[in-house]
Amino acid sequence: MMRKTYKILAVLLTVGMMCVSLSACTKTNKLEPAAGIELSEASENKTQSTDNSPIGDVAQAAIPKTDNTPSQTSTPTPIVKSIGKVIVIDPGHANKANLELEANAPGSSVMKIMDGGGAAGIDTKTPEYLINMKVSLQLRDLLQKKGYTVVMTKTDNSVSLGNIQRAEIGNNEKAALVIRIHADSSENTTVTGASMLVPLPINEGTKVIIDESNRCGRIILNLLTSEVGMKNRGLAPHSDMTGFNWSKVPVILVEMGFLSNPDEDRKLSDANYQAKLASALANGIAEALK
């Protein structure tokens, strides 16, 4: 009886050992897919782990990120469809005057200085060129968001351009419109408001662009003064503007207010007001060229 009992126990022990061995083999066979799943999950959680996380490092090494894998932390850049029109923005003046002379018009014997240096605020003492550039750069960004191709005649206030050179930039770009950004000044400190300078038909070039320049100038000025809330001083035709007389594309020059008036001087030097000017100009250009 005892021998029979020992035999039964021996058989049970052998079967038990085989089951344990079989279980181990089965578990080992499942390790490969399990490891793959764990690596994948670690990779997905990489952005949640710290830089020194060993799980993140191992996962990144096991499943390297390819260039076409979208980043979980990147923000897509909005695509603005181009509307196929070029706008040239010309910030007026520079941080120094340029007293070299150039012909006022093609074939003209009248010579004018390239850049007189601009005005300065009667109260803030802010130089005009700083205001012109700040508004111009904001206007550039707003127009680009609307789908226009924008060319700046310059983005550096130390660059002093002649007016022929400014005009040629617009001509070479075949611009739909050149807008020159300025602020005004007067000996009369009570004078306020914005005006729009436009060319007169003094040569073959300006005869071609006069109608479109006037049309765009009027629309932009009306919208500027209504949106910002300032006096509309109307269009001001000029035959003596070198930048106009050399232009072969529509061109306007906006005077955004008077630095010689204490109230407008303070406004023109204010960042929020500059943003309003840029926004109104952008809306006016879009309205004129739609």
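The model is predicted, and local features need pLDDT of at least 70, side-chain atom pairs count only at pLDDT 80 or more, and totals for chains, interfaces and linings use all residues. Residues are numbered from 1 along each chain as its sequence is written, and side-chain values use heavy atoms, with hydrogens and water left out.

I noted that 39% of the 290 residues are buried (under 20% relative accessible area, 1.4 Å probe, protein chains only).

I then turned to helix α9. Its 18 residues, 271–288, reach 26 Å from the first C-alpha to the last, close to the expected 26 Å (1.5 Å times one less than the number of residues). I found Asp-270 capping the N-terminal end of α9, with a side-chain oxygen 3.1 Å from the backbone nitrogen of Asn-272. Among the buried residues of α9 are Tyr-273, Gln-274, Leu-277 and Ile-285. I recorded that the buried residues of α9 pack against β1, α4, β5, α6, β8 and α8.

I looked up Thr-153 next. Thr-153 sits in the loop between β4 (149–152) and α5 (163–173). Is Thr-153 buried or exposed? Thr-153 is buried, because its relative accessible area is 10%. The side chains of Thr-153 and Asp-90 are joined by a polar contact of 2.7 Å (N or O atoms within 3.5 Å, one able to donate a hydrogen and the other to accept it; residues adjacent in sequence count only if both atoms are side-chain atoms). Leaving aside residues up to four places away in sequence, Thr-153 touches residues including Val-88, Leu-161 and Arg-166 (heavy atoms within 4.5 Å).

Technical notes
Helix = DSSP H or I, 4+ residues; strand = E, 2+ residues; numbered from the N terminus. Buried < 20%, exposed > 50% of the residue type's maximum accessible area, 1.4 Å probe, protein only.
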